[in-house]
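Subject: Structure handover and what was found in it

Dear colleague,

I am passing on the structure so that you can look at it alongside my notes. Please open it first, and then read on below.

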Amino acid sequence: MTAELLTGGEAIAHGMRQGQPDVVPVYPITPQTPIIQVFSKFVSDGRSHAELVDVESEHSAMSAAIGAALAGARTMTATSSQGLALMAEVVYIAASMRAPIAMAIGNRALSGPINIHCDHSDSMLIRDSGIVQLFAENAQEAYDLMVMAPRIAEHPDVLLPVAVCLDGFTITHAAEPVELLPDDVVATFVGEYHVPHPMLEVSSPTTRGPFAMPDYYYYELRHAQGVALRNALDVFIDVAAEFEALSGRRYEPVQSYRLDGAERVLIALGSTAGTIKDAVDELRDEGEAVGLLRITPFRPLPMDEIRAALAGAQRVIVLDRADSPGGVAPLGAEIAATLYGSECELERHVYGLGGRDLGVADVRAIFAGGTPDHFGVREHSWPA
Amino acid sequence: MSQLTEIRWHARAGQGAKTAAQTLALALLAEGKSVQAFPEYGPERRGAPLRAFTRISDTPIRRHDGVTEPGLVVVLEPSLVHETDVTEGLLSGGAVLINADERPAELAAGDVHCIPADRIAADHNLAFANIAMLGAVAAWLGAPSLEHLQDAAVRTLGAKASNADVRAAVAEGYAWPR
């Protein structure tokens with residue numbers, strides 16, 4: 001397989017095209033716009049049969065997506081930042097109506113002040129919506145995860161929306177080598193769209209999105225939704241194994257990078273993991289016992305895998321690219337809960353808000369116990 | 001080029017710095033290099049100073065931080081030297097390639113090469129200096145080959161310019177008199 005030079009946005013658009021969606025509701029927002037722009041061109045060029053629906057907002061985009069997905073059409077979309085904020089209400093509905101929509105999020109800071117650059121505050125805003133969230137490190141991973149997304153979303157044990165999260169500009173707009181699988185290989189891998197009781201199948205009518213009272217159904221349906229989201233972890237592992245057989249590229253819930261004998265371990269999501277790998281290699285060459293744990297699905301969170309991977313770590317340092325004013329930043333809070341009762345020290349940093357750069361030198365400084373001035377906030381650690 | 005090479009491109013928005021950064025990457029990818037090309041997005045307005053970057057390596061490029069210490073700086077728009085220190089962070093032993101007939105006073109020191117890329121572009125009916133400068137960059141780096149770079153430039157520019165003009169401008173930049 002030869003690599004092509006593609007931006008992360010272009011790579012995602014190819015993944016969408018090859019996944020053969022029937023309906024793609026679109027609304028532009030930076031830095032996601034290149035995704036739907038390139039995808040729209042595929043439709044105009046006859047390379048996708050998708051019905052492109054030009055909607056008037058992201059709220060409408062997800063609303064249209066739910067209708068299409070439940071009617072019996074494979075459905076995809078993409079958004080960022082304020083668009084996701086406007087969409088958020090309907091993302092909860094999509095998850096509760098068990099609509100298997102595959103989407104991309106070009107991660108961008110939430111306003112205000114208004115900022116178009118990367119952080120993870122938009123994805124974290126829908127953390128509890130019931131959507132699956134997969135974070136890509138680079139353009140190749142963005143493509144690969146987009147190819148896998150419909151398989152995970154549409155699995156009968158899951159039936160939930162899946163978001164592939166890629167860092168805005170850093171990945172969406174950076175051109176890198178990307179290996180695309182052949183169209184027919186992806187078509188076979190993804191298969192036909194199938195949901196139980198599609199609404200256009202009038203011979204077996206069903207009720208969707210009903211009212212649920214305190215004494216019946218609400219709790220049960222929420223519980224079922226939570227079970228389905230947890231099921232998505234095993235499904236991710238199975239789908240990733242199948243994908244590896246096709247592509248030779250391996251995906252796991254957590255990626256352990258040089259954790260053998262690592263005393264200090266950084267934890268991060270997204271493109272920063274690549275920068276950390278370079279810093280880890282430098283420090284390992286200098287004899288420092290450091291490593292990286294990268295988490296791919298933030299929802300469902302692979303708590304057992306995280307705990308197992310960190311069993312030998314003395315100090316765990318969490319890098320959060322979103323904050324939680326007045327509380328604990330999301331990834332740090334999750335890791336603290338995951339490691340509760342463990343002997344290791346925990347240190348948490350908020351970094352990279354609004355696209356603030358994190359360089360290899362910054363990563364080295366953090367491993368050395370410091371906090372670079374321009375870098376962000378060092379939050380409470382345990383022990384203090 | 002066994003280790004990481006980082007290039008910073010200076011231009012005004014609309015002058016093709018992003019295209020140049022990507023075209024170089026495309027040509028080097030064809031030669032088996034690992035590459036990364038990305039622009040720096042600031043205020044989105046035509047004419048604003050803009051920087052773009054190309055990373056080149058023999059091993060897979062994993063880092064996604066900004067380029068702060070380039071080994072080569074390419075200036076597509078010479079007037080930028082009046083308002084920007086284009087040599088900021090330039091590695092020792094690094095060079096500046098600038099689209100200019102004469103060396104600007106602001107760049108009195110260091111390894112600076114002037115390429116008359118505006119003139120080359122005009123001679124070949126091209127609106128911007130980026131294609132001729134790409135040729136000079138490849139000559140300075142020792143890679144990609146002229147042919148690979150020409151192929152990549154033709155592919156990137158598509159129907160925007162005649163293929164013969166693009167190939168000629170790349171070649172003239174490649175053979176710029178040092």
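A crossing of two helices is called right-handed if the near helix is turned clockwise from the far one by less than a right angle, and left-handed if it is turned anticlockwise. Please keep in mind throughout that this is a predicted model.

With that definition in hand, the crossing of helix 9 of chain A and helix 12 of chain A is right-handed. The axes of helix 9 (residues 272-285) and helix 12 (residues 360-367) of chain A come within 9 Å and cross at roughly 60°, and helix 9 of chain A and helix 12 of chain A are therefore oblique to each other. On the side of helix 9 of chain A, the contact is made by T275(A), I276(A), D278(A), A279(A), E282(A) and L283(A), and these meet V360(A), V363(A), R364(A) and F367(A) of helix 12 of chain A. By class, this contact between helix 9 and helix 12 of chain A has six nonpolar, one polar and three charged residues.

Chain B holds another helix pair, in which the axes of helix 4 (residues 146-157) and helix 5 (residues 163-174) of chain B come within 9 Å and cross at roughly 140°, which makes helix 4 of chain B oblique to helix 5 of chain B. Helix 4 of chain B likewise passes helix 5 of chain B in a right-handed crossing. Among the residues that make the contact are L146(B), L149(B) and V154(B) of helix 4 of chain B, together with V166(B), R167(B) and Y174(B) of helix 5 of chain B. The residues of this contact between helix 4 and helix 5 of chain B divide into nine nonpolar, two polar and one charged.

The buried residues of helix 3 of chain A, including M62(A), I66(A) and L70(A), pack against strand 2 (23-26), strand 3 (51-54), strand 4 (76-79) and helix 4 (81-96) of chain A. Just after helix 3 of chain A, G72(A) takes a positive phi of about 125°.

Finally, the contact between the chains takes 17 residues from chain B and 19 residues from chain A. Helix 1 (17-30) and strand 2 (34-40) of chain B are the elements that give two or more residues to the side of chain B that touches chain A, and strand 2 of chain B gives the most, with six residues.

With best wishes

Methods:
Residues are numbered from 1 along each chain as its sequence is written. Chains are lettered from A and ligands numbered from 1 in the order in which they are written. This is a predicted model: local features need pLDDT of at least 70, side-chain atom pairs count only at pLDDT 80 or more; totals for chains, interfaces and linings use all residues. Axes are lines fitted to C-alpha atoms, for helices over the stretch in contact, and angles run from 0 to 180 degrees between N-to-C directions. Helices (H or I, at least four residues) and strands (E, at least two) are DSSP runs, numbered from the N terminus. Angles under 35 degrees count as roughly parallel, over 145 as roughly antiparallel, 65 to 115 as roughly perpendicular and the rest as oblique. Two residues are in contact if their C-beta atoms, placed from the backbone, lie within 7 Å. Ala, Val, Leu, Ile, Met, Phe, Trp, Tyr, Cys and Pro count as nonpolar, Asp, Glu, Lys and Arg as charged, and the others, Gly among them, as polar. A residue is buried if 20 or more other C-beta atoms lie within 10 Å of its own, exposed if 12 or fewer, and partly exposed in between; C-beta atoms are placed from the backbone.
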